[in-house]
Amino acid sequence: MGWILFIIYFILGCFLLSRLRIVKATGIDLKILLLLFVIRTGVGFFNSYINLKHYSQTDVEYFHREGVKEYHLLIENPREYVVNFFRSGYDSYSGFTDSKDSFWNDTRSNIVVKVLSIFNVFSGGAFFINCLFFNFLVFFASFYLVRAFQMVTNFPDWTIVLGIFLLPSLVYYTSGVHRDGLIFICLCFVFYAFPKIKSPGKWKYIIVVCASLLFALFLRYFVVFSLLVALGAWALSCRLRHHPLYTFIGCYFLAGLLFFGTMLLPGTYNLPEKIAGKQAEFRELSNYGTSTLQTTILEPTVLSFVLNAPQAANHSMMRPYITEHPSILYVPLSVEIITYNFLFLVLLIFPARPFKPSAFLYAGIFFGLSMLLMIGYTIPILGAFIRYRSI
């Protein structure tokens, strides 16, 4: 019965994709889009199988189990279902950036659980159907990012499709029922709606941007902090007549000064201390992992951040090396990162002409680089930072 229901939902999903306005607006052949949806769904099943069978006590298993519990609570006690999301099991609600024993830290998982509980209303608790629903949402949101690229760049459609739908680690980690897919949805909406804020009907785009940022804030707050700097530089570059690159460099230089300037503030607002503390928490967690990397202890000082920058860049932009494989599953990821670095070198040697500078592209580049550096500073676990950097 479960597979029959799955087939019905899959056919319904394909039908909706053929009718959605945003999908039609991309102008991409429907057969290609349906093939991409099949690929994403298949990768989602593979991701789920690896998490449920290859590893023990994964987040995916936890989300599924708790989602079923919340589904039953929704049916039996709807009021408690709503209220318990806002209830803290701790002494207070403080510690927004804490990684444990914090209501705000638990919220990022509770959001995924609540989403799955809604899915369970229609799936009856069948995990593979929930996986289909989840991937449909991510796939649907991806078309907004496709349109964003089409509106502000002259890239051929095949390169946009390749970059959004077929990058291996992006597809793999956003296809699993986890926070990464939800964060990617938020990014798609932000990059689509932000350049439309000055257009007619701007309020609906402002609402989309604010709602997406707020949702992502509860899922992974440092993604939003990095994104706000990129959006601020993007907005400023649209008002100035200078080359966008100069505006972005100036904004990020100022952001760096403000970042280190918070060292003069108490610990709660001391951002370098927060980043150093985040690394310490991950280092403690890495004692229980099998893919731990040797990292230099990060101190909340300017000198420590400067000295650790090469290592941080190496971890997030070069690893895993082709020679280091705690598991055979890392081999494709090694090939992927080598390919990206090779293509980057080709770009430097043979730059594309003509190239039109775009604040949209620089926002993506600077946001991506700042995120990679943040990941490299804080996460010493190979499997974890590969997943975090996938978006």
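## A tour of rings, charges and cysteines

Begin by selecting Trp3, Phe6, Phe10, Phe37, Phe45, Phe128, Phe136, Phe139, Phe143 and Phe165, which ring pairs link into a cluster; rings of Phe, Tyr and Trp (its six-membered ring) are paired if their centres lie within 6.5 Å, and a pair is called stacked with planes under 30 degrees apart, edge-to-face over 60 and tilted for the rest. The model is predicted, so that local features need pLDDT of at least 70 and side-chain atom pairs count only at pLDDT 80 or more, whereas totals for chains, interfaces and linings use all residues. Residues are numbered from 1 along each chain as its sequence is written, and side-chain values use heavy atoms, with hydrogens and water left out.

**Aromatic pairs**

The structure holds 38 aromatic pairs. To view one of them, select Phe191 and Phe360, whose ring centres are 6.0 Å apart and whose planes meet at 85°, so the pair is edge-to-face. This pair links distant parts of the chain, with Phe191 in helix H10 (residues 179–193) and Phe360 in helix H17 (residues 359–378), 169 residues apart; helices here are DSSP runs of H or I with at least four residues, numbered from the N terminus. Phe191 is buried at a relative accessible area of 8%, and Phe360 is buried too, at 4%, where buried means under 20% relative accessible area, exposed over 50% and partly exposed in between (1.4 Å probe, protein chains only).

**Charges over rings**

Next, select Lys114 together with Tyr81: the charged end of Lys114 sits over the ring of Tyr81, 3.8 Å from its centre. For this description, NZ of Lys or CZ of Arg must be within 6 Å of the ring centre and within 35 degrees of the ring normal. Then move to Arg220, which lies over the face of Tyr388 at 4.0 Å from the ring centre.

**Salt bridges**

A search of the whole structure finds seven salt bridges, each being a side-chain nitrogen of Lys or Arg within 4 Å of a carboxyl oxygen of Asp or Glu. Select Arg65, Glu66 and Lys69, which are linked in a network of salt bridges. Between Arg65 and Glu66 the closest N and O atoms are 4.0 Å apart, while between Lys69 and Glu66 they are 3.4 Å apart. Lys69 and Glu66 both lie in helix H4, three residues apart, about one turn of the helix. Glu66 counts as buried at 19% relative accessibility, whereas Arg65 is partly exposed at 40% and Lys69 is partly exposed at 48%.

Now select Arg387 and Asp180, whose side chains meet in a salt bridge (2.8 Å, N to O). The pair links distant parts of the chain, with Arg387 in helix H18 (residues 382–389) and Asp180 in helix H10, 207 residues apart. Arg387 is buried with a relative accessible area of 15%, and Asp180 is buried with a relative accessible area of 0%.

**Cysteines**

How many disulfides are there? The count comes to zero, a disulfide being a pair of cysteine sulfur atoms within 2.5 Å. Cys210 is partly exposed at 48% relative accessibility, and Cys238 is partly exposed at 47%.

**A nonpolar surface patch**

For the last stop, select Tyr340, Phe342, Leu343, Phe344, Leu345, Val346, Leu347, Leu348, Ile349 and Phe350, which form a nonpolar patch on the surface with about 1,000 Å² of accessible area together. Patches are made of residues with over 30% relative accessible area and no salt bridge, with like charges joined within 9 Å and nonpolar side chains (Val, Leu, Ile, Met, Phe, Trp, Tyr) within 5 Å; accessible areas come from the Shrake-Rupley method with a 1.4 Å probe, and for residues only the protein chains shown count as cover. Within this selection, Ile349 is found in helix H16 (residues 331–349) and is exposed, with a relative accessible area of 58%.

Note on methods. Helices (H or I, at least four residues) and strands (E, at least two) are DSSP runs, numbered from the N terminus.
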